[in-house]
Amino acid sequence: MNIANKSVLITGANRGIGQALVNEAIRRGAKRVFAGTRGALQHADKRVTPLSLDVTSASQIQRAVEEVHALDVLINNAGVAIYDDLSNVEVIEQHLAVNLLGVLKVTNAFLPLLKESKGAIVNNLSLAGLAPLPVIPGYSISKAAAFNMTQSLRALLASQGVTVHAVVLGPVDTDMNRGFNIPKASPESAARNIFDGLEKGEEDIFPDPASLSIAEDWRGGVGKTLERQFAAFVPQNAAIAG
């Protein structure tokens, strides 16, 4: 998947990694970049088209679909992280609404275009989806569920020419990680490595030093082995409606 001359949609594009992904897509020669945000967005490059896109809003998702007529790459980047201690179920539900169901709803909505282009889905996930970060357990739960969903989509869409990629993010210097006093990668370097991984066809992309440190163990570990074994249960003619 070479980004040059491709159409790319990025959710959560107004800041942090999302903003860096928009700029990196333009730098790599994308034909058009749809920048999905909940608020107003302005960009100097005319190839960037702002979209009002709250991933929890069915009506905004539908309006976004009506504005996008061709799509090669969908990057599900929008997310929320709230400190909690699992005592408030509403906080967990909020995480799931954005980080799991929002990703799935946006993916399903744009799947017809991605099937037509034989495109790619990129889901920005987290190391906390592989092992919980106890200060943000609601976030960790939602990312674990989103990782599992990403693996399922990968198996279900394999026969239809749509590739599905999991981005395993470690600490990146964004507002979401402001409270953690630890080494952090820059959003720009993470964006570069995400696109590098996509262009190399990596199923699981480890775009920063912290996540890269476990990449080899993950790719050769029991989790990845089971994913491949379980994918064999999907009938060759299985299809996701869209």
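Predicted model: local features only at pLDDT ≥ 70, side-chain atom pairs only at ≥ 80, totals over all residues.
The interior is considered first. In soluble globular proteins, nonpolar side chains tend to be buried together. In the present model, the largest nonpolar core comprises 34 residues. Within this core, the residues with the most contacts are Leu9, Val68, Leu71, Phe110, Ile121 and Leu157. Two or more residues are contributed by each of helix H2 (58–67), helix H3 (89–117), helix H4, strand E6 (163–167) and helix H7 (215–219). Helix H3 supplies the largest share, 8 residues. The surroundings of Leu71 were examined with its neighbours within four places in sequence left aside. On that basis, Leu71 is in contact with Ser7, Val8 and Leu9, and also with Phe110, Leu113, Leu114 and Ser117.

Charged pairs were examined next. Side chains of opposite charge can pair when their charged atoms come close. Over the whole structure, 12 salt bridges are found. One of them joins Arg28 to Asp196, with the closest N and O atoms 2.7 Å apart. The two partners come from distant parts of the chain, 168 residues apart: Arg28 occupies the loop between helix H1 (16–27) and strand E2 (32–37), whereas Asp196 belongs to helix H5 (residues 187–200). Arg28 counts as buried because its relative accessibility, 16%, falls under the 20% limit. Asp196, by contrast, has a relative accessible area of 29% and is therefore partly exposed.

Asp204 takes part in two of the salt bridges described here, one with Arg154 and one with Lys224. In the pair with Arg154, the closest N and O atoms lie 3.2 Å apart. Arg154 is located in helix H4 and Asp204 in strand E7 (residues 204–205), so that this bridge links parts of the chain 50 residues apart. Arg154 is buried, at 7% relative accessibility, and Asp204 is likewise buried, at 3%. In the pair with Lys224, the corresponding distance between the closest N and O atoms is 2.7 Å. Because Asp204 lies in strand E7 and Lys224 in helix H8, the bridge ties together parts that are 20 residues apart in sequence. Both Asp204 and Lys224 are buried. Elsewhere, salt bridges with shared partners connect Glu24, Arg27, Arg28, Asp196 and Glu199 in one network.

The second largest pocket has a volume of about 270 Å³. Its lining is formed by Asn148, Gln151, Ser152, Ala155, Leu156, Trp218, Gly223, Leu226, Glu227, Phe230, Ala231 and Val234. The elements that give two or more residues to this lining are helix H4 (137–157) and helix H8 (222–231). By class, the lining consists of 7 nonpolar, 4 polar and 1 charged residues.

Helix H4 also contains Ser142. With a relative accessible area of 0%, Ser142 is buried. Once its neighbours within four places in sequence are set aside, the residues in contact with Ser142 are His95, Leu96, Asn99 and Leu100. The C-alpha atoms of Ser142 and Thr49 are separated by 29 Å, the two residues being 93 residues apart along the chain.

Notes. Residues numbered from 1 in each chain as written. Heavy atoms only, no water. 1 Å grid on protein atoms, 1.4 Å probe; cavity = no way out; pocket = protein on both sides within 12 Å on 5 of 7 lines; lining within 4 Å. Points joined across faces, edges and corners; volume = space filled by probe spheres on them. Helix = DSSP H or I, 4+ residues; strand = E, 2+ residues; numbered from the N terminus. Nonpolar A, V, L, I, M, F, W, Y, C, P; charged D, E, K, R; others polar. Salt bridge = Lys/Arg side-chain N within 4 Å of Asp/Glu carboxyl O. Buried < 20%, exposed > 50% of the residue type's maximum accessible area, 1.4 Å probe, protein only. Core = buried A, V, L, I, M, F, W, Y, C linked by side-chain atoms within 4.5 Å. Contact = heavy atoms within 4.5 Å.
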